Amino acid sequence: MESSLPDLEAILLVGGQGTRLRPLTLGTPKPLLPTAGVPFLAHQLARARSFGVRRIVFATSYKAAMFEPAFGDGSAFGLSLEYMTEETPLGTGGAIRNAGEALDAGPDDPVLILNGDILSGHDIGAQVRLHRDRQAAVTLHLTEVDDPSRFGCVPTDEAGRVTAFLEKTPNPVTNRINAGCYVFTRSVIDSIPRDEVVSVERETFPGLIESGQLVMGYADRTYWLDVGTPSAYVQGSRDLVLGRLASPALPGPTGEYLALEGARVSPEAKIQDGTAVGARVVVEAGATVAGSVLSDDCVVEAGARVSDSVVGQRARICAGTVVRDAVIGDDAVVGPGNELQHGVRVWPGVELPERALRYSSDV
Ligand code: GTP
């Protein structure tokens, strides 16, 4: 499937605050959150590499200092990595312009731009080829969703030319949306104003279309997920563990669950539905864990039931507690006999006493 694209450079946008994923993103930026056993970005890096990308510039801002220790010079991934940090966040367009300073590409060369929170199975090679063949200014990956009203939508003409970049509306004209992976001709990156806050979605793309430049859409319906919310993040990890999206970065075989080194899972516990079990996690007898992310060093005590949830690092789910569709922050302790569900988020370090909450959504 994957054709090689020698010498293609990429920019990875990783500077957002990830507000929708709080409290998980209070200590760790979204692109570094453990996903199916490795930092989320490892999946994107491995995938870009499989299409022939060799050099990637990270556009960092929020918690910028955490990226280089995680990925270094990229040699462990067969990549060469550079880091370009914004003093103050410049938005998606400003970040692309700033990171563009570190590119080697010539003015007519294509540059791949990836949002740092997307899991996608699309053929990056085909997207770049379309861009080259049509000599477009920008080529956007478009994905088709069942309910486009939650997104801005991107209509095209029969030849695939993008005709508008529309804001969210209850009556969208198409179910094609911006999938967060772009090919830019290098000179177009250089035309974005420097050191200014710019949004590609609200300013650059509509501006290019209005001025008559060629913006192409590469549309498909392969696997696609924006992991920006807790439930989507859990789903992404689950899909990778189950093998619904193949990732060269998965640190083990696909299956009902994936356990990292030092995890101690009782043979009398039941772990299923794509659960990722972090390093040194303990799951005691009689516990059930389904479709969840158990972060490093957390504990799920006897008889507890955890599903569709994230349990933060060193957090403890005490005996008999039910955690469903919830986020438990790092170092939090959920005492015995509680029942948390409906998107409840427990802040890092909070200690919930025994039987404090049942069917609650207001911790
Ligand atoms: P929310 O706050 O939950 O909306 O998440 P977010 O901050 O990641 O915003 P959003 O999902 O809209 O961002 C899309 C992509 O652009 C993500 O990969 C972000 O990391 C990245 N991004 C957003 N704003 C900036 C910025 O100002 N600078 C940089 N370098 N990247 C950004």
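**Pockets, a cavity and a ligand**

Analyst: At least two residues each come from β3 (38–39), β15 (275–277) and β18 (293–294) in the lining of the second largest pocket. Strands (E, at least two residues) and helices (H or I, at least four) are DSSP runs, numbered from the N terminus. This is a predicted model: local features need pLDDT of at least 70, side-chain atom pairs count only at pLDDT 80 or more, and totals for chains, interfaces and linings use all residues. Residues are numbered from 1 along each chain as its sequence is written, and side-chain values use heavy atoms, with hydrogens and water left out.

User: What separates a pocket from a cavity?

Analyst: Both are sets of points on a 1 Å grid over the protein atoms alone. In a cavity, a 1.4 Å probe fits but cannot get out; a pocket is an open set with protein on both sides within 12 Å along at least five of seven lines. Lining residues have an atom within 4 Å of a point. Points are joined across faces, edges and corners, and a volume is the space filled by probe spheres set on the points.

User: How many cavities of 30 Å³ or more does the structure hold?

Analyst: One. The largest cavity holds about 180 Å³. Its lining has 17 residues, and Q44, R47, I118, L119 and S120 lie nearest the centre. Helix α2 gives the largest share of that lining, four residues.

User: Which residues come nearest the ligand?

Analyst: A residue is near a molecule if one of its heavy atoms lies within 4 Å of it. Around the ligand there are 19 residues, and L13, T19, E86, G91 and G116 come nearest. Helix α4 (residues 91–100) gives the most to this shell, three residues.

User: Where are the polar contacts, pairs of N or O atoms within 3.5 Å?

Analyst: A polar side-chain atom of R20 is 2.8 Å from a ligand oxygen atom. A backbone N or O atom of G18 is 3.1 Å from an oxygen atom of the ligand. A polar backbone atom of G15 lies 3.0 Å from a ligand nitrogen atom.

Methods:
A polar contact is a pair of N or O atoms within 3.5 Å; within protein, one must be able to donate a hydrogen and the other to accept it, and residues adjacent in sequence count only if both atoms are side-chain atoms.
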